[in-house]
Amino acid sequence: MWPSAVEDPQLIDLYRTPPGPWLRLNFVASLDGAGTVDGRSAPLSGPADKRVFGVLRMLCDALVVGAGTVRDEGYHALRLDAGRRAWRVEHGLAEYPTLVIVSKRLDLDPALDALAGAPVRPIVLTRTGADPGKLGEVADLITVGDDAVDLVAGVAALRERGFAHLLSEGGPMLFGSLAAAGLVDELCLTVSPLLAGAGAGRIIGGPQLPEPERLTLRHVLYDDGLLFLRHAR
């Protein structure tokens, strides 16, 4: 199936998740396994990827990203167009998803558009003892863990706030930590027809998994050389 030939209602049906708590990852990678080109994922993407990207954001209650990804990818405020906002309200979701940033050191500039320009107040998951500085003026801080951010406790805290469907766009360290903690229900992976070459990092980093985990292929889409793979528990 070609995403460029599919209207949003069909894409929405293809990417619907089961009712109840669900944590989905969305990543793009090159043919040789690189997660970035020159430090950014954008060169691996394309129009169809951005379309799926937009649908996944529309479907989630909260978007969870690492602080490094927010800085490196130049994240902007999490806004949606009027049509997608109307769809969310019609289907019982908040008008906008909430941005959740995972940050061990709280080295985030409160003036970042992702924070200061957010249509709804973002959340920052952090650890005990991190200096909030002025971040509390633009975001709600949730402390989970002492030496590191406890993602199990963090996800539980988000669920207590009503964020059942979580979407994460990275980065690799967050992916690895979520996977090692057994929190990942689904991976949506776009495979770009590029060879990035030696030295580029993979889409996953951080701690080793206790053991390899097998996911089930739910669908494959194709457009302009890009493959869209959806795997889930």
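How many cavities of 30 Å³ or more does the count come to? In this predicted model, the count comes to 2 cavities at that cut-off, and the views below take them in turn.

**View 1. The largest cavity and its volume.** The largest cavity has a volume of about 70 Å³.

**View 2. Residues lining the largest cavity.** The lining of the largest cavity includes L23, V64, V102 and L125, and it also includes L151, V155, L158, L166, L167, S168, L174 and L178. Sorted by class, the lining of the largest cavity holds 11 nonpolar residues and 1 polar residue, while charged residues are absent from it.

**View 3. The second largest cavity and the elements around it.** The second largest cavity contains about 30 Å³ of space. At least two lining residues come from each of α2 (47-59), β7 (186-191) and β9 (226-232), and of the contributing elements β7 gives the most to the lining of the second largest cavity, with 3 residues.

**View 4. Residues lining the second largest cavity.** Around the second largest cavity, the lining is made up of Y15, N26, V52, L56, C188, L189, T190, F228 and L229. By class, the lining of the second largest cavity divides into 7 nonpolar and 2 polar residues, with no charged residue among them.

How values were computed. Residues are numbered from 1 along each chain as its sequence is written. This is a predicted model: local features need pLDDT of at least 70, side-chain atom pairs count only at pLDDT 80 or more; totals for chains, interfaces and linings use all residues. Side-chain values use heavy atoms; hydrogens and water are left out. On a 1 Å grid over the protein atoms alone, a cavity is a set of points where a 1.4 Å probe fits but cannot get out, and a pocket is an open set with protein on both sides within 12 Å along at least five of seven lines; lining residues have an atom within 4 Å of a point. Grid points are joined across faces, edges and corners, and a volume is the space filled by probe spheres set on the points. Ala, Val, Leu, Ile, Met, Phe, Trp, Tyr, Cys and Pro count as nonpolar, Asp, Glu, Lys and Arg as charged, and the others, Gly among them, as polar. Helices (H or I, at least four residues) and strands (E, at least two) are DSSP runs, numbered from the N terminus.
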